[in-house]
Amino acid sequence: MGRTVTVATCALNQWALDFDGNLERILKSVEIAKCKGARYRLGPELEICGYGCSDHYFESDTLLHSFQALAKLLESPVTQGIICDVGMPVMHRNVRYNCRVIFLNKKILLIRPKMAMANTGNYREMRWFTPWNRSRQVEDYFLPRMIQEITNQESVPFGDAVLATLDTCIGSEICEELWTPNSPHIEMGIDGVEIFTNSSASHHVLRKAHMRVDLVNSAMTKNGGIYILANQKGCDGDRLYYDGCAMICMNGATVAQGLQFSLDDVEVLVATLDLEDVRSYRAEISSRNIAASKVIPYCRIKVNFALSWSDDINTPTSEPIQWRYHSPEEEISLGPACWLWDYLRRSKQGGFLLPLSGGVDSSATACIVYSMCLQVCSAVWNGNQGVLSDVHKIVNDEAYTPKDPREFCRRILTTCYMASENSSQDTYDRAKSLAEEIGSYHININIDGVVKAVWGVFSAVMGRLPQYYICGGSSRENLALQNVQARIRMVFAYLFAQLCLWTRGIPGGLLVLGSSNVDESLRGYFTKYDCSSADINPIGGISKNDLRSFIQHCLENFHLTALRSILSAPPTAELEPLKEGQVAQTDEADMGMTYAELSVYGKLRKIAKAGPYSMFCKLINMWKDICTPAEVASKVKHFFRMYSINRHKMTVLTPSYHAANYSPDDNRFDLRPFLYNSAWSWQFRCIDEQVSKLESKEVNSRFEDVV
């Protein structure tokens, strides 16, 4: 009697609407799974078309091409002799569903539609798909003629069912269903399902990986069973990075762990497990066994196929492993770097241009590019021909092989220090030193001539010339003078990005990198259309505090000694005149709040869903040892005034790597008005009334103590 089953899951770097590439990666994963002895192969959610198709799901072309790709999979010799579980959109009775299509030897066994849609944060599945709400019910799905000609099936089961093979029972979950309070695996497990599959498109967020792993392991700890999770990986065309972490678990213990970050387009995990271990584990869970006696049974699709071999007594099984998590600093080093690599190779550009100011933010961006270069060299060294092929296209040299990350960085990263009369020698030196250490092609520009020309035009037309605040000008003049410098830097960045390679006799252009962090975006502490306006921004979802920790990580692990002085310097925009050659302007003084405070405001506003009054109520307790209620009220009011005045800037925010759950990204994650009544009169009045009550209570308490 067969008892050991060999199953495979994978992480694929799929790309929205890249049907050729997606099909190639699916077939490669099946081939690897078969070579490793697997009898069941699970792939990521919507892997045929790519998860991030968005409104392209409304197009009949997306459905058509998905079925055409499915036909190629059904016909391929590679998919024979193994159960293949693939994801694609399917229209059933004029309703679009997010589905798993499970097939074996040119026969479709089941089309299983998703039952719980991901519809929060970055996800909008309810916009394109309808959940299947008919639990444990199956209907006939009439196949398109192109599929009928291959399978010789007119219709196949469509709905909430499980597969009964000759040796076990398999049930499917799709991504969000694992996260719901009443996940399907609960009832399926009680009904005797032993192997659970989950095809996901789960994106990276700092410090999130353990949540996914804990959910899987705790589910199997309670109910017993084998859980197989597949996930997408990479940038499939937008702000998200899908972070792999495919895994296989049995009875609450992880037996196979996939990489969270890598440049491999196809990663396949295989495990061999003993079904008797599941049955023995469940035998002692009396509560489960009692529930099983009264469960409503699932429709079982009989499959004349076994995941085990009849004579497998000597087959070794996979042993439990300890999951290895990355630190947040490692996540910042690896995740955005992989995202940048995908964006660079898929955009077919020749590299990046980064305005390097010598501050923490732009230096962190430079370090992420350097980390990307390290990963590329490592992948090539390990024989990744796909990465090497992409390198050849980017540098336009078929004979080139990247070996030294500094040398490769010089080919693909141009850094640019744009000095003005307000720039200090310190920031010039810091930018120059860091560029030398990472190996970037570094250039220096002085923008004073252009700035003066702009003000000359303004003065000639209007008859007046604005002055800096320290020279007697108003705050309005002071801000305008700073904004012109910042916006001219953006113009220069795009000019040099377009023509820098041309001057060096190299074809192609450069992608402009932005480097504003999530806290500054939330506060609106940047100039609209300055050099924070770029093509993409790898740090736009990362807090200032996390970036400082990341810089320290790079100092210690990449041995970039120039970062030491960058860490010790106060953050500054350097847009106001120097005092005796030294920087007088600092970011936190300009903002009227610290970066640490900004992170707290951001998490309360977005994650805790706190408006001004609720934020005040939370902070008077959080900060009771350092602030009076009146001081807390003043801080909260200042934050909301600045946030609301500057919210319009979020409408043009550079597309940024999503890494924080309190991101103010206006594109689809943080949907809010961009024209506010910044007085917040009702909300602030409620705060003032509460402050008065608290102060009166404090006075009365002191009086009673005296008496």
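Biologist: Which ring does the charged end of Lys-649 sit over?
Modeller: That would be the ring of Phe-526, with the charged end of Lys-649 5.3 Å from the ring centre. Keep in mind that this is a predicted model.

Biologist: And what about Lys-606, where does its charged end sit?
Modeller: Over the ring of Phe-669, 4.5 Å from the centre of that ring. Phe-669 also turns up in the lining of the second largest pocket, as one of the residues that lie nearest the pocket's centre.

Biologist: Oh, a pocket! What volume does the second largest pocket have?
Modeller: About 840 Å³. Its lining is made of 33 residues, and those nearest the centre include His-203 and His-658.

Biologist: Which helix gives the largest share of that lining?
Modeller: Helix 20, with three residues. Helix 17 (544-557) also supplies at least two.

Biologist: Is Phe-196 buried or exposed?
Modeller: Buried, with a relative accessible area of 0%. Tyr-227 is buried too, at 0%.

Biologist: What about Phe-639 and Tyr-643, how are their rings arranged?
Modeller: They're stacked, 5.9 Å centre to centre with 15 degrees between the planes. The two are four residues apart in helix 22, so about one helical turn separates them. Both belong to one aromatic cluster, along with others including Trp-623 and Trp-680.

Biologist: New topic: strands. Why is strand 3 described as largely enclosed?
Modeller: Nine of its 10 residues are buried, so the rest of the structure largely encloses strand 3.

Biologist: Which strands does strand 3 pair with?
Modeller: Strand 2 pairs with strand 3 in the parallel sense, over three bridges, and there Leu-42 stands opposite Asp-85. With strand 4 the pairing is antiparallel, over nine bridges, and Met-91 stands opposite Arg-96.

Biologist: What's in the turn of the hairpin that strand 3 and strand 4 form?
Modeller: Two residues lie between the strands, and Arg-93 in the turn has a positive phi of about 55 degrees.

Methods. Residues numbered from 1 in each chain as written. Predicted model: local features only at pLDDT ≥ 70, side-chain atom pairs only at ≥ 80, totals over all residues. Heavy atoms only, no water. Buried < 20%, exposed > 50% of the residue type's maximum accessible area, 1.4 Å probe, protein only. Pairing = 2+ DSSP bridges. 1 Å grid on protein atoms, 1.4 Å probe; cavity = no way out; pocket = protein on both sides within 12 Å on 5 of 7 lines; lining within 4 Å. Points joined across faces, edges and corners; volume = space filled by probe spheres on them. Phe/Tyr/Trp six-rings, centres within 6.5 Å; stacked < 30°, edge-to-face > 60°. Lys NZ or Arg CZ within 6 Å of the ring centre and 35° of its normal.
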